[in-house]
Amino acid sequence: MGTFNWPLRISSMDGQRSRDIEATVDTGAAYTTLPAHLLRELGVAPSGKRRFQLADGRRVDMDFGQARATIGGESVVTLVIFGEGDGPALLGAYTLEGLALAVDPVKQQLVPTHMIMYLASRATHRPIWAST
């Protein structure tokens, strides 16, 4: 698929501080990763650690916190990973799903998507697939 950049506004949970950035869309990354210094400037505090396996096979523990991500006027509270140094901003799958966005690999852009919800019928207890 390749990668491409997309505009992203990242904000503190209270909305008082925000920054517009270009993030590399990375559907292979579970979470959005931003430089730790940027998150701290916005007032985002680590709330825990998660273990990750890097592309080179190393396993590392990294801080995570919560921030508000906005794309195209839609906002969602999302988990963000405190990246090292001045590493790239990566827009991960968790944030994209929260914003109901999918990747169009041909046009290399983000597009709105219909989310799929699995429901069970009360009468038959059989699965019902519904999309919104």
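Thr 95 lies in helix H2 (residues 93-98) of a predicted model; helices (H or I, at least four residues) and strands (E, at least two) are DSSP runs, numbered from the N terminus. Thr 95 has a relative accessible area of 0% and is therefore buried, a term for residues under 20% relative accessible area, with exposed meaning over 50% and partly exposed in between (1.4 Å probe, protein chains only). Apart from neighbours within four places in sequence, Thr 95 is in contact (heavy atoms within 4.5 Å) with Thr 32, Ala 69, Val 76, Thr 78 and Leu 79. Between Thr 95 and Thr 78, 17 residues apart in sequence, the C-alpha to C-alpha distance is 5.8 Å.

Residues are numbered from 1 along each chain as its sequence is written. In this predicted model, local features need pLDDT of at least 70 and side-chain atom pairs count only at pLDDT 80 or more, while totals for chains, interfaces and linings use all residues; side-chain values use heavy atoms, leaving out hydrogens and water. The mean pLDDT (the predictor's confidence in each residue, from 0 to 100) is 90 for the protein, and 89% of residues reach 70 or more.

The protein contains two helices and 11 strands. Their order from the N terminus is β-β-β-α-β-β-β-β-α-β-β-β-β. Of the 132 residues, 35% are buried.

A nonpolar core is a set of buried Ala, Val, Leu, Ile, Met, Phe, Trp, Tyr and Cys residues joined through side-chain atoms within 4.5 Å. The largest such core has 24 residues, of which Ile 10, Leu 34, Leu 91 and Leu 110 touch the most other members. Two or more residues each come from strand S1 (5-11), strand S2 (18-25), helix H1 (36-41), strand S5 (59-71) and strand S6 (74-83). A second, separate core of seven residues includes Tyr 31, Val 60, Leu 79 and Ile 81.Among contacts between residues at least 6 apart in sequence, 45% join residues at least 24 apart.
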